[in-house]
Amino acid sequence: MKTRRKENQSPFDNGPKSGAGIDSVRDVSWPHTNAHVAGSDKPVLITGGCGFIGINLAHRIMSGGQSVLLYDNLSRPGAEKNLRWLRQQHGDLVRIEVADVRDPHALRNAVDRASCIFHFAAQVAVTTSLVDAIHDFNVNAGGTLNLLEAIRAQDDPPPLVFTSTNKVYGGLPDVRLRVANNRYEPEDDTLRAGGIGEDRPLDFHSPYGCSKGTADQYVLDYARTFGLPTAVFRMSCIYGPHQFGNEDQGWVAHFLIRALKREPITLYGDGMQVRDILFIDDLVDAFLLAQANMNNRQVCGRAFNVGGSPANTISLLDLLRMIKALHGERPDVRAGAWRPGDQRYYVSNVAKLSAAVGWAPKVSVREGVGRLYEWLRDYALRPRRRAMSVDAARNSWSEVAHERVSRPARGVRQEAS
Ligand SMILES: NC(=O)c1ccc[n+]([C@@H]2O[C@H](COP(=O)([O-])OP(=O)(O)OC[C@H]3O[C@@H](n4cnc5c(N)ncnc54)[C@H](O)[C@@H]3O)[C@@H](O)[C@H]2O)c1
């Protein structure tokens with residue numbers, strides 16, 4: 001079916017597309033290298049590329065010599081620190097477009113230049129979505145639709161991996177739980193052993209759940225209706241270096257940061273909530289494998305639950321205990337009410353992704369939390385910044401400033417999410 005639109009061809013068009021290249025990425029095997037990941041100098045496009053997940057993926061890709069185009073409005077506190085760090089590591093391989101996903105023209109321009117795409121830019125917090133649901137919808141649902149339309153307009157659409165969330169399954173109120181060792185766990189043996197699978201009915205809860213779930217469904221449907229090469233990751237909690245977690249999002253990093261700063265933590269709910277947490281390096285492996293296998297029917301047009309799996313679970317109370325062991329003292333804890341849609345238990349069943357691309361998490365909770373703690377203590381929260389030459393700093397900032405001035409988002413507000 002010939003379905004791609006031509007009438008919206010933009011003046012930014014660069015002509016016909018060739019393939020792309022992220023085949024030399026360190027530590028990742030490429031069992032089914034496809035046309036999109038071989039032999040092009042076009043950059044990999046990462047929307048939200050200056051955030052926690054984006055910067056880690058960009059670092060891995062550039063470590064293999066491939067250039068990356070980061071598309072980010074720098075609204076997340078810490079995003080500029082991440083960008084500065086990436087420039088120190090990779091210099092000119094880093095390209096940055098300071099723009100908003102609500103700007104279809106800037107997005108189209110970036111997509112025209114891309115070999116393959118990872119879409120991470122988002123309003124990322126449930127709490128913020130409760131305050132400004134319209135903003136949340138415009139960024140998460142509207143921004144994703146802008147991106148899909150830009151991809152659909154290409155002669156040779158670049159493959160897309162989109163990061164959805166476990167929140168699309170709602171609060172799981174029908175899952176019968178019991179308490180064991182101060183943690184919630186399902187009464188059902190199969191669920192306890194395997195986790196939540198993709199066959200779970202969708203049940204969007206909270207504006208964030210609705211906007212991400214809407215985007216999730218659009219990404220899948222654009223594969224079905226228009227034949228675009230897309231895949232969706234419904235992710236549980238991801239953690240690791242370059243995560244500037246706060247009370248609204250990124251709880252593992254947030255707890256560690258508060259402990260290191262000797263500040264109190266508010267525990268919303270009873271602390272026995274259980275999550276499977278996934279260390280960022282494992283997630284990056286999964287992203288690259290999904291892109292490399294996009295020609296595979298088991299990947300293209302599919303949604304995958306992605307997390308640490310039943311092997312890597314932790315409760316909030318467990319993390320506090322772990323912090324005491326790592327840091328020597330436990331932060332002060334204050335009690336808060338349950339948050340809307342907060343799941344008592346969520347653990348991903350990752351069997352579908354494992355079967356499709358041969359992936360499994362490798363980093364244990366103990367190892368991963370220790371690595372994040374050390375990064376925060378020795379790098380992110382160190383009182384004095386690492387030495388950077390005056391010239392490097394000047395180049396880094398002048399280029400960012402130039403991008404900001406030369407490419408303002410059209411007709412949209414630039415605001416922190
Ligand atoms: N971290 C997790 O545990 C987790 C879990 C499930 C899903 N996700 C999803 O993964 C993606 C990345 O998450 P993260 O933890 O790296 O978040 P992050 O906040 O660190 O990164 C998001 C980036 O997007 C940018 N951004 C925000 N609004 C934008 C806009 N309108 N236009 C352009 N850029 C914009 C921010 O500046 C930031 O750099 C998000 O889509 C999030 O919903 C994350």
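This is a predicted model: local features need pLDDT of at least 70, side-chain atom pairs count only at pLDDT 80 or more; totals for chains, interfaces and linings use all residues.
Local features are drawn only where pLDDT is at least 70, and side-chain atom pairs count only at pLDDT 80 or more, while totals for chains, interfaces and linings use all residues. Residue numbers start from 1 along each chain as its sequence is written.

View 1. The strands (DSSP runs of E, at least two residues, numbered from the N terminus) line up in the order 3-2-1-4-5-8-12, with parallel pairing. Strand 3 (94-98) and strand 12 (302-306) sit at the edges with a single partner strand each, so one side of each has no neighbour in the sheet. From one strand to the next, the twist averages 20°, taken between lines fitted to C-alpha atoms, with angles from 0 to 180 degrees between N-to-C directions.

**View 2. Strand 1 beside strand 2.** Here strand 1 (residues 44-47) and strand 2 (residues 68-72) run parallel, joined by 4 bridges; DSSP has to find at least two bridges for two strands to pair. Look for Thr47, whose bridge partner in strand 2 is Tyr71.

View 3. Of its 13 residues, 12 are buried, so helix 9 is largely enclosed by the rest of the structure. Buried means 20 or more other C-beta atoms, placed from the backbone, within 10 Å of a residue's own. Among the buried ones are Ile280, Phe287 and Gln291.
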